[in-house]
Amino acid sequence: MRPLKYYLILISIYVFFAACQRHYLPQHLTHSGYEIAQNVSADTTLYNMLKPYRDSLAHSMNDELGVLSEDLKKALPDGTLGNFIADAYLGMARTRYNKEAQMAFMNHGGIRLNSIPAGKIKRGTIYEVMPFDNQMVIMEVQGRILKNYLDIIAKDGGGGVAGIRFTIKDRKAVSIEIGGKPLEDEKMYIMVNSDYVVNGGGGFNGFRDLPQNRPGYLLRDAIIDYCLSFRNAGRDINISNEKRITK
């Protein structure tokens, strides 16, 4: 076995040479531009393989879901586009899972189109306005917790709502009505929302530990099914112009 002194000498030599190494730092950067060829021939094998999928997708995205009776616009504190989406969540939650659902919400930042024009609405438009695979969550919420959540919405300036009305004053939610009746702190209400919001997205964590019903229903599909319900009934898609959030 080598003595400890031997290893100490080796370590000292290593430290000496490491300290003497010269370190280099970049003084300037250069770059070169390269042209991308414009006359590259297509890979016909790959093109022919993908074409059926592309054609099928294009056909699906052009599927007409119904007819909008008026323009839908993203706006604060209360826009027709956000309210239309919230109406879709609430309507389909009642139809498919819980007819007692009382309110629904669409966070303003999650709306990815500024407007949808009146006229025929296509499936691809719904994918544009809701590109995320967020899922529907239905849950019971106590009035006081709901009030805290509405204060977050008020602080952010508003959003899409259905089944509920309130006023924003000093960045707080006041004069809150659910189904036309004042909010009660101790009462339990049935809310429809997204898994993103329930998980704490948007800055509110009051829902995370509450019992939740997650049926595995994409919110995008809820909007599509809502539109189709109008088409199947032979009616245009319309939305009330009532002000649900006021300042």
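About 30 Å³ of space lies in the largest cavity here. Bear in mind that this is a predicted model. How many cavities of 30 Å³ or more does the count give? One.

The lining of the largest cavity consists of K74, A75, G79, G82, H108, I111, G159 and G160. Sorted by class, that is five polar residues, two nonpolar and one charged.

Now the packing. The largest nonpolar core holds 38 residues. Which of them have the most contacts inside the core? F84, I85, Y89 and V192. Several elements supply two or more residues each: the helices are α3 (80-96), α4 (123-129) and α7 (219-232), and the strands are β1 (64-68), β3 (103-106), β6 (136-142) and β11 (188-194). Helix α3 gives the most, with nine residues.

Take Y89 as an example. Beyond its neighbours within four places in sequence, Y89 contacts A104, F105, M106, M130, M136, V192, L219, A222 and I223.

On to a sheet. Four strands form an open sheet in the order β10-β9-β8-β12, and the pairing is mixed.

One close-up to finish. β9, residues 172-178, pairs with β10 in the antiparallel sense, over two bridges. E177 has P182 of β10 as its bridge partner.

Technical notes: Residues are numbered from 1 along each chain as its sequence is written. This is a predicted model: local features need pLDDT of at least 70, side-chain atom pairs count only at pLDDT 80 or more; totals for chains, interfaces and linings use all residues. Side-chain values use heavy atoms; hydrogens and water are left out. On a 1 Å grid over the protein atoms alone, a cavity is a set of points where a 1.4 Å probe fits but cannot get out, and a pocket is an open set with protein on both sides within 12 Å along at least five of seven lines; lining residues have an atom within 4 Å of a point. Grid points are joined across faces, edges and corners, and a volume is the space filled by probe spheres set on the points. Ala, Val, Leu, Ile, Met, Phe, Trp, Tyr, Cys and Pro count as nonpolar, Asp, Glu, Lys and Arg as charged, and the others, Gly among them, as polar. A nonpolar core is a set of buried Ala, Val, Leu, Ile, Met, Phe, Trp, Tyr and Cys residues joined through side-chain atoms within 4.5 Å. Buried means under 20% relative accessible area, exposed over 50%, partly exposed in between (1.4 Å probe, protein chains only). Contact means heavy atoms within 4.5 Å. Two strands pair if DSSP finds at least two bridges between them.
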